[in-house]
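Please look over the protein below before reading on. The notes after it go from single residues to the fold of the chain.

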Amino acid sequence: MADHRSEKSAKAAAERVAATKPRKATPKPQSKEAKPALLAGGNPQIAKAEGDAPVQAYIAAMPGWKSDVGRRLDAIIVRTVPSVHKAVKWNSPFYGIEGQGWFLSFHVFTRYVKVTFFRGTSLRPVPLGESKHKDVRYLDIYEDQLDEAQFAAWVKQASQLPGERM
């Protein structure tokens with residue numbers, strides 16, 4: 001009989017301990033690739049890196065219609081300058097000629113995508129967006145407002161100018 005009681009009390013004690021132990025939460029399955037955080041205005045936060053992969057990650061993370069604009073910009077740039085060198089710096093894709101510097105970048109804002117031409121005052125016609133930097137000009141692209149032919153002409157001109165070293 002003593003064995004029966006001690007077996008019962010051991011079982012009861014084990015149940016009490018189990019009831020007081022905090023349960024471990026079942027881990028939620030994580031996706032293979034976490035989505036990048038969006039900064040102010042919806043600009044994707046992408047780590048600084050060279051090459052096509054970080055630029056494509058940035059474009060994929062651009063919110064809404066801006067991602068389509070990013071894909072179109074990238075395709076036009078690559079088609080116009082097949083040997084273009086790409087990188088992400090300061091949470092923006094940069095395009096340039098290796099060894100010669102960068103000729104443009106773009107950045108997401110709440111209502112538009114801003115393209116920066118580092119030698120924009122040398123382009124014809126000069127893009128309308130002025131900058132506090134004397135050589136820089138901007139092109140603000142709103143939804144459904146990309147003039148692909150004009151953009152390609154500016155990309156061709158910009159790629160033939162001395163690039164910006166950063």
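**Briefing on a predicted model**

Ser67 lies in helix α3, residues 65–80. Helices (H or I, at least four residues) and strands (E, at least two) are DSSP runs, numbered from the N terminus. This is a predicted model, in which local features need pLDDT of at least 70 and side-chain atom pairs count only at pLDDT 80 or more, while totals for chains, interfaces and linings use all residues. Residues are numbered from 1 along each chain as its sequence is written, and side-chain values use heavy atoms, with hydrogens and water left out.

**Ser67**

- Ser67 counts as buried because its relative accessibility is 7%; buried means under 20% relative accessible area, exposed over 50%, and partly exposed in between (1.4 Å probe, protein chains only).
- Not counting residues up to four places away in sequence, Ser67 touches Ile59, Ala60 and Met62, where contact means heavy atoms within 4.5 Å.

**Tyr112**

- Tyr112 sits in the loop between β4 (101–108) and β5 (113–117).
- Its relative accessibility is 19%, so Tyr112 counts as buried.
- Neighbours within four places in sequence aside, Tyr112 is in contact with Trp65, Lys66, His107, Asp140, Ile141 and Tyr142.
- Tyr112 and Val69 are 43 residues apart along the chain, and their C-alpha atoms are separated by 9.6 Å.

**The sheet**

- Seen strand by strand, the order β1-β2-β3-β4-β5-β7-β6 makes up an open sheet of 7 strands with antiparallel pairing; two strands pair if DSSP finds at least two bridges between them.
- At the edges are β1 (49–50) and β6 (129–130), each of which pairs on one side only.
- Strands β4 and β5 run antiparallel and are joined by 5 bridges.
- Val108 stands opposite Val113 in β5.
- Helix α2 (residues 52–61) packs on the sheet and touches β1, β2 (85–89), β3 (92–97) and β4.
- The direction of α2 makes about 55 degrees with that of β2; axes are lines fitted to C-alpha atoms, for helices over the stretch in contact, and angles run from 0 to 180 degrees between N-to-C directions.

**The whole chain**

- The protein chain has 4 helices and 7 strands, and along the sequence they follow the pattern α-β-α-α-β-β-β-β-β-β-α.
- Of the 166 residues in the protein chain, 37% are buried.
- Among contacts in the protein chain with a separation of 6 or more, 55% come from residues 24 or more positions apart.
- The protein chain exposes about 10800 Å², and carbon and sulfur atoms supply 54% of that area; accessible areas come from the Shrake-Rupley method with a 1.4 Å probe, and for residues only the protein chains shown count as cover.
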